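Here are some friendly questions about how the labels on this model come about. Each answer sets a value beside its cut-off.

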Amino acid sequence: MDVVAVDWSAIDWGAWAMVAGINLVAILSPGPDFAITLRNTLARGVRAGVLTALGIAAGLSVHVAYTLAGLSVVIAQSVVLFSIIKILGAAYLIWIGIQALRARPHEANAADAPETAMRAHAALLSGFLTNILNPKVAFYFLALFTQVIDPDTATAEKGLYGVTMMLEAALLFSTVALLFGQPMLRRAYRRAAHWIDRVVGVVFIGLGVRLAFAKALG
C-alpha cells in the first residue's frame, strides 16, 4: 500500500498559527464546554473532567469533518436544520441545569472519589453532546476556516487545522480538570456543593435559553 507523503513545506504555517491562536482564545472563553468540564471535575473528580474534555474533542472532530465537507454552509443557510440543532442543544443544556437544581445535599456530596465517579462513557458523552449540539460551534468553524481555506488548500493542511483544534481543546480542558480537581478545591466544593449545584444549574439553564434564541451568522 502506498503511503501518501505530506509536503510540510507547502503548508501555510502563518495560517496555521492564526487558527491555533484564535482557537485558544475561543476555548478559554466561558461557555458550555468549559462549564460542563468544570462541573464534572468538581463533582466527580479529575478523571471525569479529563474524559469530559476528550468527549468535547470528539465533538469537535465531527464539526471539523462536516465543515471541511462543506455541510456547515448548508446548516448556515437552512433555517429548519439550524433550528432543530439549536432546540436539541438548548434542551440538553437546560436538562443538565434542571438536574443540578434538583440535586439534594447528600447527592451532591456523594460519589466524590474518582473510583466512584461517573462512568467513563457518561463523562465522554456529556462532553460530546454539550459540544456537538451547539450550532454556534458550526458557525465558528465556518467563519474561521473560510479565512484560511480555499479550493487549492491541500487535504493534509485542512486535516492539520482540525487536529490542532481538537488537541488544543483536549489539552486545555484537561488542564482545567487537573487544576480544579485538586483535593483542596474539591473539599471546598463538597462543603458548599448543594448551593454551587444550584448556581451551576442556573448557569446551564441560562446557556440553554441563550442558545435557544441564537441566530445564524450575521
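Q: In which helix is L88 found?
A: L88 sits in helix α5, residues 79–102. Helices (H or I, at least four residues) and strands (E, at least two) are DSSP runs, numbered from the N terminus. This is a predicted model, where local features need pLDDT of at least 70 and side-chain atom pairs count only at pLDDT 80 or more, while totals for chains, interfaces and linings use all residues. Residues are numbered from 1 along each chain as its sequence is written, and side-chain values use heavy atoms, with hydrogens and water left out.

Q: Why is L88 called partly exposed?
A: Its relative accessible area is 47%. Buried means under 20%, exposed over 50%, and partly exposed in between (1.4 Å probe, protein chains only), so L88 counts as partly exposed.

Q: Which residues of α7 are buried?
A: They are A123, S126, G127, T130, N131 and I132.

Q: How many helices and strands does the protein chain have?
A: There are 11 helices and zero strands.

Q: What percentage of the protein chain is buried?
A: Of its 218 residues, 44% count as buried.
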